[in-house]
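Have a look at it first, and then follow along below.

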Amino acid sequence: MAGTVPVALSVNGQEIAAEVEPRTLLVAFLREHLGLTGTHVGCDTSQCGACVVHLDGRSVKSCTLLTVQADGRAVTTIEGLGTPEKLHPMQAAFNEHHGLQCGFCTPGMIMSAVDFAGRHPDPTPLEVREWLEGNICRCTGYHNIVASVEAGARAMAKD
Amino acid sequence: MYAFDYHKPRTLAEAAELLSTHPEARLLAGGMTLLPTLKQRLASPSDLIDLAGMPDLAGIEVTGSEVRIGAMTTHATVAHSAEIIAKLPALAALAESIGDPQVRHRGTIGGSISNADPAADYPAAIVGLGATVITDRREIAADDFFTAMFETALQPGEIVRQVRFPIPQAAGYAKFPNPASRYAVVGAFVARTANGVRVAITGAGPSVFRLADMEAALSASFTPAAIGGIAVPADDLNTDPHASAGYRAHLIGVMTARAITFALEH
């Protein structure tokens, strides 16, 4: 049984070919094989959303996805959004509106928010709060996160 | 997670062949229940057979009388389908109420009903609408499909292909969600059809069940007031840290009334 199997996927626009065990979770592949440690493991039970990445443009929890399930598909992580010199509009909005305290949940929050904003260019605070059902923050009380996502969505729409 | 071998068949026949040659294999749909189960080492299948390699298993088809949903169709796809929102808005609303957005991007109707979690939402719609489950072998009527807690009429190796929901005159779903998981503490699906009214309850007992006395009362008068005097016995209902059996019995009346209101307004 087991051994490794070949996978080929796009990660942040780069074609990756690798050998993985079938049980390797996508989050482990990203962090441990590719060194992309911006994607965090929080609860490890698909509830907290710290591990959210995009799979073919839709937000998913990478702690509950096998790497083999992403074979042939496109993955985007927080590292694929912007750079310290040129932040993605959603990252800039979290900075501007101070949408974080410790920052642990932030990569997942931003990846989730970017997926949402792509379909809700001018969201209400209620729509933002409903969407963030799957992202838990233990510091902020969410107020500034909601303000960040509203502003980020509008900035993305303008971009 | 224990090690396993992984397969991604391209046809149902290939999947069935893999299941017969690997008796300890499990089917993988969206993985929203199976992968957490494996991570907790509560199961150790020798093989996973991923159903994502068959495009025919996903998709929505709406005919004059039915909504047909492929087994691998995600909750998000059902929730956002313009055709389902138009023809069966209660089903779209139910799908939108499952878990969170990321779970809805992965979780599937076939996976949900095959797992048959007693607090899952879809079983209420299957039984409430009198749907038909199409497998690779046969058609199974809703009332025969869910047999016990986490148990269905599916035989070993049998694969769900599609669910066919008859389009009702009106329908509604309401649930009291667990605040953390969004599973139903109690969920009620109500449908008014040419053959009378059906009421199906999830989350309250070991498996989804119908309420004959409410169905009779609502067939006479499809209003929330019609069920006001009907007491639900708590005897066979679940008690857990989230709610007592008595509280669940109370919630059944409240959620059913809200489902009727949704049906009347949509």
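**Notes on chain B and its partner**

I started with overall size: a compact globule of 266 residues would have a radius of gyration near 18 Å, and chain B agrees, because its own value is 18 Å. The radius is taken over C-alpha atoms, and the globule rule is 2.2 Å times the number of residues to the power 0.38.

Before going on, I noted that this is a predicted model, where local features need pLDDT of at least 70, side-chain atom pairs count only at pLDDT 80 or more, and totals for chains, interfaces and linings use all residues. Residues are numbered from 1 along each chain as its sequence is written, while chains are lettered from A and ligands numbered from 1 in the order in which they are written.

**Chain B**

I boxed the C-alpha atoms of chain B along the principal axes and got roughly 55 × 45 × 30 Å. I found 11 helices and 14 strands in chain B; helices (H or I, at least four residues) and strands (E, at least two) are DSSP runs, numbered from the N terminus.

I then looked up the domains: chain B has domain 1 (1–53) and domain 2 (170–265), with bounds from an automatic or database domain assignment. The C-alpha centres of these two domains of chain B are 34 Å apart.

**Where the chains touch**

I traced an open, mixed sheet of 5 strands in chain A, in the order β2-β1-β5-β3-β4; two strands pair if DSSP finds at least two bridges between them. Neighbouring strands are turned by 40° against each other on average, direction ignored; axes are lines fitted to C-alpha atoms, for helices over the stretch in contact, and angles run from 0 to 180 degrees between N-to-C directions.

I followed β1 (residues 5–11) of chain A, which pairs with β2(A) in the antiparallel sense over 7 bridges. In β2(A), A:Gln14 is the bridge partner of A:Val11. Helix α3 (residues 106–119) of chain A packs on this sheet, touching β3 (52–55) and β4 of chain A, and its direction makes about 35° with that of β3(A).

Note on methods. Contact = placed C-beta atoms within 7 Å.
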